[in-house]
Amino acid sequence: MPQELIERSGADIAADVIAGRASAVEVAAATLAHVASVESNVGAYLTVLSEPALAQAARVDERVRNGERLPLAGVPIAVKDNMCLDGTRTTCGSKILENWVAPYTATAVARMLEAGAVAIGKANCDEFAMGSSCENSALGVTRNPYDSTRVPGGSSGGSAAAVAAYEAAIGLGSDTGGSIREPGAFCNLIGFKPTYGRVSRYGLIAFASSLDQIGPLARTVKDAALAYDAMAGYDVMDATSIDRPVELAAESLRKDLRGLRVGIVREFDTKVLGDDMHRLYNDAYRDLERLGADIVEVSLPTADYGLATYYLIAPAECSSNLARFDGVRYGLRAQGDDVRQMYDNTRAAGFGPEVKRRILVGTYALSSGYYDAYYVRAQKARTLTARDFERAFATCDLIACPAASCPAFQFAAKSDPYSMYLMDYYTIPMSLAGLPALSVPCGWTVPDGGSLPMPIGLQLCAPLFAEKLLLGAAHAYEQATKHAAARQPALSRVSA
Amino acid sequence: MSPEYEAVIGVECHVELKTVTKMFCGCANEFGGEPNTKICPVCLGMPGALPVPNEKAIEHVLTAGVAFGAEIPSFSKFDRKNYFYPDMPKDYQISQYDMPLTVGGSVKYWMEDGTLKECRLTRIHLEEDTGKSTHAGSGDGRIAGSSYSLLDFNRAGVPLMECVSEPELHSPQEATAYLESLRRTLLVLGVSDVKMEEGSLRCDANVSVRPVGSSELGTKTEIKNMNSFRSVERAISSEIERQIALIGSGERIVQETRGWDEVHGVTHSMRSKEEAHDYRYFPDPDLVPLEIAQTAVARIAEALPTLPWERFERYTAVYGLGVKPATQLIENLVLAEYFDRVVALSGQPQQSSNFVLGDLSRLANESGVAVADSNVSAEHLAELIDLVETKRVNSKIAKELLTRMWGAGESPAVIVEREGLAQTSDRAAIERFVDEVLAANGELVAAYKAGKSNVAGFLIGQVMKASRGKADPALVNELVRQKLAP
Amino acid sequence: MLTDPIDIRYVAKLARLALTEEEIERFGKQLGELLEHVNALKDLDIASVPATAQVVESRNVTREDSLRPCLDRETVLAQAPQRQGPFFRVPRILTE
């Protein structure tokens, strides 16, 4: 019974709790018990909120008894550890914040809780969300629930692994250049990044402010839509959040793709991904067509410049955003004879190598004499990327392409920083343009040198603010193909 | 100053704006208070916190810009100025780099001799203040030699307006006159308390010297740590002298920051330009640009109060007041507004000024009640001035009346009427008083006639007394002298 | 755009990061490689293209000048690496 309970979708759990077929406390207790049994293998969480989760669940049950129809009643969620939750350790996967307890709650998290969700724990991530495998976390190792020798993806790898291993129904992630979509693809999940500004960033510890966006990881499109509906909308605490009505997505999911034109990107030749992946993506495009979509070719001429653009803008912003970790007001402090030495030592001891690299690149790109050559040039290239998409969306309603260039890889497979950066090749252009995009499972492949089939993801992308269309189409594809349901994660039952 | 050199001075002011809350968060913007009690995730630069600009602070800067006749560009934005300092929570300051809220404009100011001058502004921009460091362990509270520092972030994030002048001031006196005018203007606009002693106005000066007639600028130094207008004047004087002396002895001026030492009356080197910071300005991605509509600018312009230099011109050129009384009135906005009402009602600027700055201000000082809050309404003062001007009461009675008006708030005309205090110019009546007094003081009359002319004053006083002060003094004088004449 | 080797020591100083000699060498090399990739941007004709700082074109997002609750001082100071009474404490600040 508990196993069955925790494997249900968030939507079903909420329906059960509302209808009195299960209580939020039961769901939380079952989830916590499952977490206790699998965590030593998965390592999704940096902090498990056992007591607070049960207390929170009891409050949800109380609210439900009082007649509140909470859309996420009792739904257990994993919160990426770069989002603040009042009174809870919030580390960003970094030694510099290892013992920092947030004194306030991020707006997106607060809205999830307000909708009835129950936070089970704070999920591991690449340090300050910089990475694509979760290997850059300074505080823990997270394994892919479908193959423990492989990474869960990143940076929202802990949230993805938690959801894949049924340690939560929905995970909150943040996506700067692909950090929700890529782990979504690696862990057989929907990984959804809304339009930039749709979900408040207040309380999300910034990596690159003009790119960061919170979104859900879920086992079904419907769950992703429910989470989006709960979180989206203007927040007075975030000046970059968009003051524009949100069209609720969960109630208007589509059954087919009739009347939609889906663009396939000419520059993204899937042949380079190997025969198996090429075949799977072509099958996916054909499935879209079978569902009624018109398949058209579109061009993103500057797509190849996405990485270069991103790896100037994101580090530049990060170099400034991470200046505040200086050992003065909170977090780690290393000793120094004077403030200057204290800064230098604190930051040297507190940050891992990838964070240091990006701080250095970003500092350099903004420094006197290089600002125009690097930062401004990248901002202009960003304009070109946005224009590419504008032009493409003149002839199509959605764009379909790979979510990642390979399935989940083995630990330490990408030791060269640039090879890791390449993981974001397909997701970065959408981030630069601020567009809503998601990955949805589209098949399984046995990677070279591997023995277990691993999931791969199809990326769908829509124009700004077209989340409803995007989720609706993804739902139609998901329901028609049911790739996700084909296999169970090995690690979710190891000691169950 | 040596006659063959001319000083070139530019002044940079940081002004804390008067708002209820800080620039980017809802913490109180108040001076002082218990350390670290006005702090929140935003102004403490906590992970994940985001700034949202205070609309009032933006409006204040625009108001100042419009008052100084600046251009208000339709597009403006906030940038990050990156540098590490313990009292700066985010280790960057949200400021404005290349697109400030206002560009150009000028501050009109006047010198002690009444000359009206003008100094152009480069720009005014909006930024956030830092927290406060207290340097401890050295005994004297100074940073040099201290062994640790204590931080209070109550001030961190207070809205700060930076107002930069062109280098168009040429003497320490001009610099302070400029600052005075700037201060008075911001006060009239209600955008700041501009108190140097509380740090809500802070200024630095760029100083260079050049041979008279040269159009090239000399190497400048930046003077900091000036804590009053008086120290601004002294510091600039001292720096000009230092630079002229250096040039005189064939040495070169080093471009550097120099601190003013109030105790010893000299500036000393703080750091040279070679170690200048690399601030890595870039647009703050947490904030969106500002678009300022011309209609908003027009609304601000319509609501502008009378500006100090406009008053000065009116008071001196139209009303004929001296520089000193004009400045005194302008210095106190409420008093100036009261004065304006009295003038409007009485049509007598000189008399109004005399009363307002003289007896009325004295009464205010003695009682601790401001003139404008007193029982003496502008209408009643205008009435009193009219009584004097039409010679219905003389100045002595007027003074008495004012004291009574201060106490009771009555109309002076009513008091005069009720108590028969009107001045009398009735020749026959006054003549009777004169005759009485002369008859009663035979000895003095004899002394006068014997050449002791100074007794006339006493006799005149006696006549005034006999008339209970109501007699027209001029007529009394005339009649007494006439009757004493041989 | 760029051919200069990165002055990694200068950049690390700006970023307040103490680096070991090994890190200086390793990061210097990695950053050099990254910048070579980034150099591809010089192929783009961007002379007349405006810069994008924000993708979504919001303007004038401000807040009313009204008070919000502050944090409790003890909660905040409890997390300070070093405090003294009601203050945060830091080692001596050397003037440059």
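Me: What pLDDT does chain C average?
Reply: Start with confidence, since this is a predicted model. Chain C averages a pLDDT of 92. In chain C, 95% of the residues score at least 70.

Me: And what ipTM does the predictor give the complex?
Reply: The ipTM is 0.96. The pTM is 0.93.

Me: Now the interfaces. How many residues of chain C are in contact with chain B?
Reply: In general, the size of an interface is often given as the accessible area lost when the parts come together. Here we count residues instead. Chain C puts 31 residues in contact with 43 residues of chain B.

Me: Which elements of chain C give two or more residues to that side?
Reply: Helix H3 (73-77) and strand S2 (87-91) of chain C do. S2(C) gives the largest share, 5 residues. By type, this side of chain C has 14 nonpolar, 7 polar and 10 charged residues.

Me: In what sense do S2(C) and strand S9 of chain B pair?
Reply: Antiparallel, over 4 bridges. S9 of chain B covers residues 148-152. Take one bridge: Ser149(B) has Val90(C) as its partner in S2(C).

Me: How many residues does the contact take from chain A and from chain C?
Reply: It takes 58 from chain A and 47 from chain C. Several helices of chain A each supply at least two residues to this side, including H10 (306-321) and H13 (371-392). H13(A) gives the most, with 11 residues.

Me: How do the residues on chain A's side divide?
Reply: On the side that touches chain C, 32 are nonpolar, 14 polar and 12 charged.

Terms used: Residues are numbered from 1 along each chain as its sequence is written. Chains are lettered from A and ligands numbered from 1 in the order in which they are written. This is a predicted model: local features need pLDDT of at least 70, side-chain atom pairs count only at pLDDT 80 or more; totals for chains, interfaces and linings use all residues. Two residues are in contact if their C-beta atoms, placed from the backbone, lie within 7 Å. Ala, Val, Leu, Ile, Met, Phe, Trp, Tyr, Cys and Pro count as nonpolar, Asp, Glu, Lys and Arg as charged, and the others, Gly among them, as polar. Two strands pair if DSSP finds at least two bridges between them. pLDDT is the predictor's confidence in each residue, from 0 to 100.
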